[in-house]
Amino acid sequence: MKLLSTVAWGVLALALSSQAQAQQVAAADTASAEVDTIVVTGTRRVDRTAFESAAPVDVVSQEALRNTISDEIMDKLAATTPSFNVQRLPAADGQAFVRPATLRGLSPDQTLVLVNGKRRHRSAVLGGRGQQGVDLASLGTSGIDHIEVLRDGASAQYGSDAIAGVINVILSDKTGFDGHAQYGRYYAGDGDKTEVGGRYGVAIGSGGSLVGALDYTKAEATSRTRQRPDAIAFQAANPTINVKNPVQRWGQPDREVWRASLNLTLPVSDTVEAYAFGTFSDMHGETDFNWRNPSNDTSYRTSPAFPGWSLNQLYPGGFSPVFGQDETNASLAGGLRGDAMGWSWDASINWGRDDVDYFLNNSINASFGPQSPTSFDAGTLIQKEQTLNLDASRPLAWPFLAKPANLAVGLEARKETYEIRAGDRYSWDVGPGAPAGLPSGSNGFPGYAPSQAGSWDQTSYAGYVDLDLPITDKFGADIAIRHEDFSEFGQTTDGKIAARYEFTPNFAIRGAVSTGFRAPTAGQINNTRTSQGLNTTTLLLFTSGRLSPINPISQALGGKPLEPEESKNLSLGFVFRQGGFTASVDYYRIDVDNRFAVSPNFTVTPALRAQLIAAGVPGADSLTTVSYFTNSFDTRTQGVDVVGSWRGELLGGKAGVTAAWNWNDTKVTRSKLAEVSNLSRINLENGLPQNAANVTFDYARGRFSGMIRTRWSGEWTDAQANGTADLIQNFAGKALVDLSVSAELSDQIKLTVGAENLFDTYPDEATFQASRGLIYSRNAPYDTDGGLWYARISAKF
């Protein structure tokens with residue numbers, strides 16, 4: 001890749017020497033550089049800019065999104081917003097495809113996601129720590145105009161989940177065509193990725209538009225793997241058997257994804273406008289699971305129920321189950337908005353659904369012996385949400401105010417449904433070979449059984465009042481209060497007071513105090529799951545069960561019905577601008593009570609096993625431990641966001657520099673369990689870097705432009721379960737450098753070449769995982785596949 005680096009720097013140098021007329025430079029990588037951009041997140045006003053906001057709001061432009069090659073929005077936000085993190089998580093069941101993303105180190109479902117200001121539905125997948133957030137990867141990039149990231153608590157304005165902040169994805173309403181095609185490959189020679197996308201919009205009537213967008217991605221798998229030592233030993237002991245090398249793959253999954261969006265605005269009269277927007281995605285993905293060693297895996301036992309049969313006949317060299325997910329995600333929203341009798345009003349209905357179908361290939365239900373298939377339908381998870389909103393606002397001209405106040409009121413009704421559909425019989429049932437010790441269920445991922453299947457609803461009703469008060473020309477305050485009633489746990493009332501004082505037009509201080517909450521979902525209350533892992537010491541498989549917190553067995557072990565997570569937020573900061581330079585510094589403190597986590601593992605005794613089998617838990621005959629979701633900890637998260645940017649003329653062209661740094665520290669202040677889960681505590685406190693930063697420089701002159709960016713992540717700790725033991729390792733910080741150069745081939749066509757992780761930097765090796773062939777921790781807060789080069793051609797008409 002030295003050649004790519006040399007060519008890239010050469011093209012950038014040519015841009016510096018070009019005498020052509022300077023072209024319009026792309027927007028800066030973060031919102032803070034666009035302080036005069038009107039924002040709609042965190043305020044009910046329609047004329048507020050990011051600089052004037054009483055809480056920090058980042059505006060990530062379409063161009064900034066394209067400056068990161070990943071097709072998934074989470075990676076793009078992580079590259080531009082240091083307080084935003086996303087993990088790769090290979091071989092982690094559904095989380096390999098629906099990856100958890102966090103803001104300010106809090107849980108993925110403690111950040112509210114909106115599309116065009118309307119609540120986005122959750123994913124059907126529950127994370128390993130109990131989280132059920134939005135699948136941001138279901139949204140395509142081409143249809144997005146920009147993304148607003150509110151880094152402040154906002155439950156009093158938007159309701160449940162807005163503890164860490166709000167991500168508002170704004171779809172494009174631009175006319176004309178904008179498309180791109182790109183291809184990339186990792187330096188290691190794998191992970192080929194092809195992406196094609198486009199957006200087309202037409203004007204309708206006076207002020208209306210219809211914009212459609214479509215994105216397609218084909219991403220091949222990566223492998224950062226060494227052959228397992230036990231596989232080497234098995235091959236040496238059995239030279240006539242063909243053992244794959246490596247026997248299993250650690251890396252990114254194979255994925256094929258279609259994403260689409262539609263955005264419509266249609267004037268109905270001079271004062272009323274109809275609108276509708278929708279999104280759709282369809283994803284197919286596959287990833288490897290742990291290798292099953294014939295010398296010690298219980299599936300290779302023999303049983304008198306199957307005379308003459310052994311799994312050695314089917315998988316003589318062992319087997320690695322291939323886990324897959326087919327996901328269909330769709331949403332549709334529509335409504336009317338307008339003005340009447342001094343009020344601006346908006347009435348809308350919003351529907352969303354996420355279907356996740358699990359399948360397993362190259363596996364076995366050994367308890368059925370030769371009757372067992374090798375491919376299984378493991379079941380389906382479905383999340384459905386419907387929301388009704390009525391919002392209204394009007395100015396109030398009170399004589400004691402410098403300008404008219406803005407009063408906003410609203411009502412919301414929401415219903416969410418979580419559904420589990422059972423897999424095929426062989427994925428979960430117990431066959432006649434079980435008494436001889438042959439494990440039941442599809443090996444690697446036992447399917448959902450009829451006893452786990454069902455449909456569960458939760459409804460909520462809410463009302464809010466929001467009053468924006470420009471008390472003087474320099475001082476303004478915003479007061480919001482929201483009351484919400486949930487069918488599953490009762491009522492909650494939350495409030496927020498935000499204020500901003502402007503010393504000069506270019507310098508102001510701002511701050512806010514608020515309370516917030518996140519309600520337990522129907523999925524978190526009712527989902528039951530069985531999963532398998534590998535003990536890296538004994539190299540034996542273990543099977544863990546996670547029960548519903550309302551399951552009688554959970555309650556006998558100390559489980560209780562889930563309660564809402566509740567928060568108290570405090571923020572204080574300042575903003576400054578002078579000429580082409582802008583800066584902001586914001587301190588925040590977030591106290592969260594009743595945080596969700598997984599309970600400590602309980603060893604399955606013979607008596608407990610009998611209860612689990614009677615309850616119909618799949619794979620109960622081979623379970624080693626069980627746990628359940630619980631309100632486990634109280635935490636305090638505090639940190640500082642520093643953002644600075646400069647834009648101006650340089651050497652006859654236009655340049656921009658953006659720098660951002662986040663310090664984030666989380667501490668457990670109280671444990672609600674008699675026995676503290678050490679893993680949960682470590683993951684909450686140290687599982688993500690306390691320090692993260694990025695610096696970006698972009699330059700344009702004539703038809704040439706370039707961008708170089710450094711992303712730095714500080715130290716972090718990996719803590720994982722290992723059967724009945726824990727695995728803990730500390731990792732050093734790493735800096736990754738990205739570089740791209742562009743040339744406008746014509747007024748409509750632009751060519752870009754570049755590299756992410758230019759210098760092919762890898763994290764420290766995960767020493768405690770070497771026994772299963774894994775080189776780098778699967779919980780790393782950044783990509784662990786090394787350098788990636790790419791080329792992109794884009795067109796605008």
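# Cavities, a pocket, salt bridges and a surface patch

A search of the whole structure finds twelve cavities of 30 Å³ or more. The structure is a predicted model, in which local features need pLDDT of at least 70 and side-chain atom pairs count only at pLDDT 80 or more, while totals for chains, interfaces and linings use all residues. Residues are numbered from 1 along each chain as its sequence is written, and side-chain values use heavy atoms, with hydrogens and water left out. The structure also holds 49 salt bridges.

**Cavities**

- A cavity is a set of points, on a 1 Å grid over the protein atoms alone, where a 1.4 Å probe fits but cannot get out; lining residues have an atom within 4 Å of a point.
- Grid points are joined across faces, edges and corners, and a volume is the space filled by probe spheres set on the points.
- The largest cavity has a volume of about 570 Å³. It is lined by 38 residues, and those closest to its centre are Asp75, Ala78, Arg711, Tyr782 and Asp783.
- At least two lining residues of the largest cavity come from each of helix H3 (73-80), strand E2 (84-86), strand E28 (691-701), strand E29 (704-713) and strand E32 (734-744). Helices (H or I, at least four residues) and strands (E, at least two) are DSSP runs, numbered from the N terminus.
- E29 gives the largest share of this lining, four residues.
- By class, the lining of the largest cavity holds 15 nonpolar, ten polar and 13 charged residues. Ala, Val, Leu, Ile, Met, Phe, Trp, Tyr, Cys and Pro count as nonpolar, Asp, Glu, Lys and Arg as charged, and the others, Gly among them, as polar.
- The second largest cavity has a volume of about 210 Å³. Pro100, Ala101, Pro108, Gly133 and Val134 are the closest to its centre among the 23 residues that line it.
- Strand E3 (101-103) and strand E4 (111-115) each supply at least two residues of the lining of the second largest cavity, with E3 giving the most, three residues.
- The lining of the second largest cavity divides into 13 nonpolar, eight polar and two charged residues.

**Helix H3**

- H3 is mostly covered, with seven of its eight residues buried. Buried means under 20% relative accessible area, exposed over 50%, and partly exposed in between (1.4 Å probe, protein chains only).
- The buried residues of H3 are Ile73, Met74, Asp75, Lys76, Leu77, Ala79 and Thr80.

**Second largest pocket**

- A pocket is an open set of grid points with protein on both sides within 12 Å along at least five of seven lines.
- The second largest pocket has a volume of about 1400 Å³.
- Its lining has 46 residues, of which Val40, Asn116, Gly117, Arg337 and Asp346 lie nearest the centre of the pocket.
- The lining of this pocket comprises 16 nonpolar, 15 polar and 15 charged residues.

**Salt bridges**

- A salt bridge is a side-chain nitrogen of Lys or Arg within 4 Å of a carboxyl oxygen of Asp or Glu.
- Arg122 and Glu385 form a salt bridge through their side chains (3.9 Å, N to O). This pair links distant parts of the chain, 263 residues apart: Arg122 is in the loop between E5 and E6, and Glu385 is in strand E15 (residues 376-396).
- Arg122 counts as buried because its relative accessibility is 4%; Glu385 also counts as buried, at 4%.
- Arg414 and Glu416 meet in a salt bridge (3.6 Å, N to O), and both are buried.
- Arg119, Arg122, Asp161, Glu385, Glu412, Arg414, Glu416, Arg482 and Glu484 are linked in a network of salt bridges.
- Lys734 and Asp764 are joined by a side-chain salt bridge (3.5 Å, N to O). This pair too links distant parts of the chain, 30 residues apart, with Lys734 in strand E32 and Asp764 in the loop between strand E33 (749-756) and strand E34 (788-796).
- Lys734 is partly exposed, at 21% relative accessible area, and Asp764 is partly exposed, at 28%.

**Surface patch**

- Phe177, Tyr200, Val202, Leu210, Leu262 and Phe797 form a nonpolar surface patch with about 560 Å² of accessible area together.
- Patches are made of residues with over 30% relative accessible area and no salt bridge, like charges being joined within 9 Å and nonpolar side chains (Val, Leu, Ile, Met, Phe, Trp, Tyr) within 5 Å. Accessible areas come from the Shrake-Rupley method with a 1.4 Å probe; for residues, only the protein chains shown count as cover.
- Leu210, one of the patch residues, is in strand E10 (residues 208-219) and counts as partly exposed because its relative accessibility is 31%.
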